[in-house]
Amino acid sequence: MCERKKGTLAVISGFSGVGKGTIVEALVRRYPYALSVSATTRDPRPGEIPDVSYHYITREDFEERIAKNDFFEYTEYVGNYYGTPKSFVMQKLEEGQDVILEIESDGALKVRAQYPEALLIYMIPPTMSELKRRLVGRGTESEEKVAKRLHQAVTIEMERARVYDLLVVNEDKEACIEELHHMIQTREGKKPSETDLLDKLEAEGKALGM
Ligand code: 5GP
């Protein structure tokens, strides 16, 4: 009997404000990827749709599901739980579909530990000043919070990005969508150890006092 080829599990993370949500949304509209919908204990934001944006559940329910081993990975991020439901991901991969997780870096590294074939892609901005412009432009965070996120980007996140498999730069939306698609299909692209992209962002961020 001919065994069906398993799908690719692509994990996408990136600096806060880099635009990963917009890019991933466009990617799954254009190509037949299965996008995992996470469970979270945070409140819905205006415009978000229950069971499309997230499965919104209580802390109690979340902890019950942790106990039942229902999550592929989960983490606590700024005071709320976020987790990837295991059954959806496993089923789609078995069916041969490529699956996308858009999760933060702590969860991404847990995915890799459990499922080493996962492809970890980190999205970066063209420059740190552009990232700041996007974060300020989004208008959802105070000046203090923007400064905190930028500092986190040039310190903790920069180091985590170095252990991802590939880097994708979100400079032009169209180019970024197509590059991501190409990466997932071929597993080829810019490896953190083979480019100076992160070093340049880090130096720029430090020079700007981030
Ligand atoms: P937000 O509250 O802004 O929607 O998400 C906050 C962060 O949690 C983002 O970086 C997002 O990618 C991440 N996130 C969303 N779902 C999950 C998940 O299931 N697991 C993990 N580890 N992170 C998640």
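Student: With which side chain does the side chain of E141 make a polar contact of 3.4 Å, among the residues that E141 touches beyond four places in sequence?
Tutor: The model is a predicted one, and in it E141 is found in the loop between α5 (128-138) and α6 (143-161). Leaving aside neighbours within four places in sequence, E141 is in contact with L135, V146 and R149. Of these, the partner whose side chain makes a polar contact with that of E141, at 3.4 Å, is R149.

Student: How far apart do the side chains of E141 and R138 lie in their polar contact?
Tutor: E141 belongs to the loop that joins α5 (128-138) to α6 (143-161), and R138 is one of the residues of α5 that meet α6. A polar contact also links the side chains of E141 and R138, and its length is 3.4 Å.

Student: At what angle do the axes of α5 and α6 cross?
Tutor: Two packed helices are described by the angle between their axes and by the distance between those axes. In this pair, M128, L131, K132, L135, V136 and R138 of α5 meet V146, R149, L150, A153 and V154 of α6, and the crossing is right-handed. The axes of α5 and α6 come within 10 Å, and the angle at which they cross is roughly 150 degrees.

Student: How many of the residues in the contact of α5 with α6 are charged?
Tutor: The residues in this contact include L131, L135 and V136 from α5 together with L150, A153 and V154 from α6. They divide into eight nonpolar and no polar residues, which leaves, as the number of charged ones, three.

Student: What is the angle at which α1 and α7 pack?
Tutor: Helix α1 (residues 20-30) contributes T22, I23, A26, L27 and R30, which meet residues of α7 including C176, I177, L180 and I184. The crossing of α1 and α7 is right-handed, and the residues of their contact divide into seven nonpolar, two polar and four charged. The axes of α1 and α7 (residues 173-186) are 10 Å apart, and the helices pack at an angle of about 65 degrees.

Student: Is A108 buried or exposed?
Tutor: A108 has its place in helix α4 (residues 105-114), and, not counting residues up to four places away in sequence, it touches V11, S13, I103, L120 and Y164. Its relative accessible area is 0%, and the cut-off for burial is under 20%, so A108 is buried.

Student: What distance separates the C-alpha atoms of A108 and K20?
Tutor: A108 sits in helix α4, whereas K20 is 88 residues away along the chain.

Student: How many residues make up the largest nonpolar core?
Tutor: In soluble globular proteins, nonpolar side chains tend to be buried together. Here L9, V11, F15, L101 and I121 touch the most other members of the largest core, and L9, beyond its neighbours within four places in sequence, is in contact with F72, V89, L93, V99, L101, V111, Y115, A118 and L119. Apart from this core lies another, of five residues, among them A39, I57, F71 and Y81. The number of residues in the largest core is 51.

Student: Why does G83 count as buried?
Tutor: G83 lies in strand β6 (residues 80-85), where, leaving aside neighbours within four places in sequence, it is in contact with S38, A39, F62, F71, E73 and Y74. G83 counts as buried because the category requires under 20% relative accessible area, and its own value is 1%.

Student: What value does phi of V78 take?
Tutor: Most residues other than glycine have a negative phi. N69, in the loop between α2 (59-67) and β5 (71-77), is not a glycine and yet has a positive phi of about 60 degrees. V78 lies in the loop between β5 and β6 and is exposed, with a relative accessible area of 72%. Phi of V78, likewise positive in a residue other than glycine, is near 35 degrees.

Student: Which residue has its backbone nitrogen reached by the side chain of T58?
Tutor: T58 lies in the loop between β4 (55-56) and α2, and with a relative accessible area of 43% it is partly exposed. Its C-alpha atom stands 30 Å from that of R160, which is 102 residues away in sequence. The side chain of T58 comes to 3.0 Å from a backbone nitrogen, which belongs to D61.

Notes:
Residues are numbered from 1 along each chain as its sequence is written. This is a predicted model: local features need pLDDT of at least 70, side-chain atom pairs count only at pLDDT 80 or more; totals for chains, interfaces and linings use all residues. Side-chain values use heavy atoms; hydrogens and water are left out. Helices (H or I, at least four residues) and strands (E, at least two) are DSSP runs, numbered from the N terminus. Buried means under 20% relative accessible area, exposed over 50%, partly exposed in between (1.4 Å probe, protein chains only). Contact means heavy atoms within 4.5 Å. A polar contact is a pair of N or O atoms within 3.5 Å; within protein, one must be able to donate a hydrogen and the other to accept it, and residues adjacent in sequence count only if both atoms are side-chain atoms. Axes are lines fitted to C-alpha atoms, for helices over the stretch in contact, and angles run from 0 to 180 degrees between N-to-C directions. A crossing is left-handed if the near helix is turned anticlockwise from the far one by less than a right angle, and right-handed if clockwise. Ala, Val, Leu, Ile, Met, Phe, Trp, Tyr, Cys and Pro count as nonpolar, Asp, Glu, Lys and Arg as charged, and the others, Gly among them, as polar. A nonpolar core is a set of buried Ala, Val, Leu, Ile, Met, Phe, Trp, Tyr and Cys residues joined through side-chain atoms within 4.5 Å.
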